[in-house]
Amino acid sequence: MFHRLALASIAFLGVVSAQLTITSPSADDWWVAQSLNTLAWTCDTSPYQNFTILLTNSNLSILPAPLAIIAVQDNFDCSETITQQQSAQPAGTGYVVQLASTVNETDVYASSEPFEIKALGAAYPTTTSSAGSSATGSSASPTTTGAALAQYVPVGLSMAAALALGLVVA
């Protein structure tokens with residue numbers, strides 16, 4: 001009996017600790033209007049198989065209701081490039097991305113930090129990460145990730161074509 005109770009407790013703790021977090025956009029990782037932008041989340045700790053991607057804004061004159069920009073997004077993708085049409089919102093602050101139930105969008109699994117959508121033509125934030133750190137220390141060189149890559153993809157060029165031309169590294 002104790003063994004079953006212990007296993008049930010461990011399983012419950014695993015479910016409680018599993019969470020979905022939006023890592024980009026954020027306050028320091030904005031989007032650019034009518035441009036390709038990156039949405040990223042912690043897929044390895046998410047208990048959800050899929051979700052709806054919503055864009056909201058606290059200023060109802062900018063966005064009066066949550067806007068579903070992707071109806072069903074698979075969690076295992078870990079990130080998604082948001083197209084020019086999906087991010088065709090006016091420049092402004094107070095935007096929040098929400099990942100919600102595909103059946104009930106008021107059941108929100110995760111919300112991003114409030115972020116800004118800058119005007120078309122604005123520069124993307126510079127983001128770097130250390131890739132390939134060793135156990136003895138981090139000697140890796142920084143690599144450009146996230147939204148910073150999107151600025152190198154010409155408008156109107158599909159992601160598959162950009163990959164084929166070597167403009168974006170998968």
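**Close-up views of a predicted model**

**View 1. Cys78 in the loop between two strands.** Cys78 lies in the loop that runs between strand S5 (67-74) and strand S6 (79-82), in a model that is predicted. Although Cys78 is a residue other than glycine, its phi is positive, with a value near 70°. The relative accessibility of Cys78 is 26%, and Cys78 therefore counts as partly exposed.

**View 2. Asn75 and its contacts.** Asn75 also lies in the loop between S5 and S6, but with 7% relative accessibility Asn75 counts as buried. When neighbours within four places in sequence are left aside, the residues in contact with Asn75 are Leu20, Trp41, Cys43, Ser46, Tyr48, Gln49, Asn50 and Phe51.

**View 3. Gln34 in the loop between S2 and S3.** Gln34 is found in the loop that joins S2 to strand S3 (37-41), and it has a positive phi of about 55° even though Gln34 is not a glycine. With a relative accessible area of 43%, Gln34 is partly exposed.

View 4. Pro25 has its place in the loop between strand S1 (22-24) and strand S2 (31-32).

Terms used: Residues are numbered from 1 along each chain as its sequence is written. This is a predicted model: local features need pLDDT of at least 70, side-chain atom pairs count only at pLDDT 80 or more; totals for chains, interfaces and linings use all residues. Side-chain values use heavy atoms; hydrogens and water are left out. Helices (H or I, at least four residues) and strands (E, at least two) are DSSP runs, numbered from the N terminus. Buried means under 20% relative accessible area, exposed over 50%, partly exposed in between (1.4 Å probe, protein chains only). Contact means heavy atoms within 4.5 Å.
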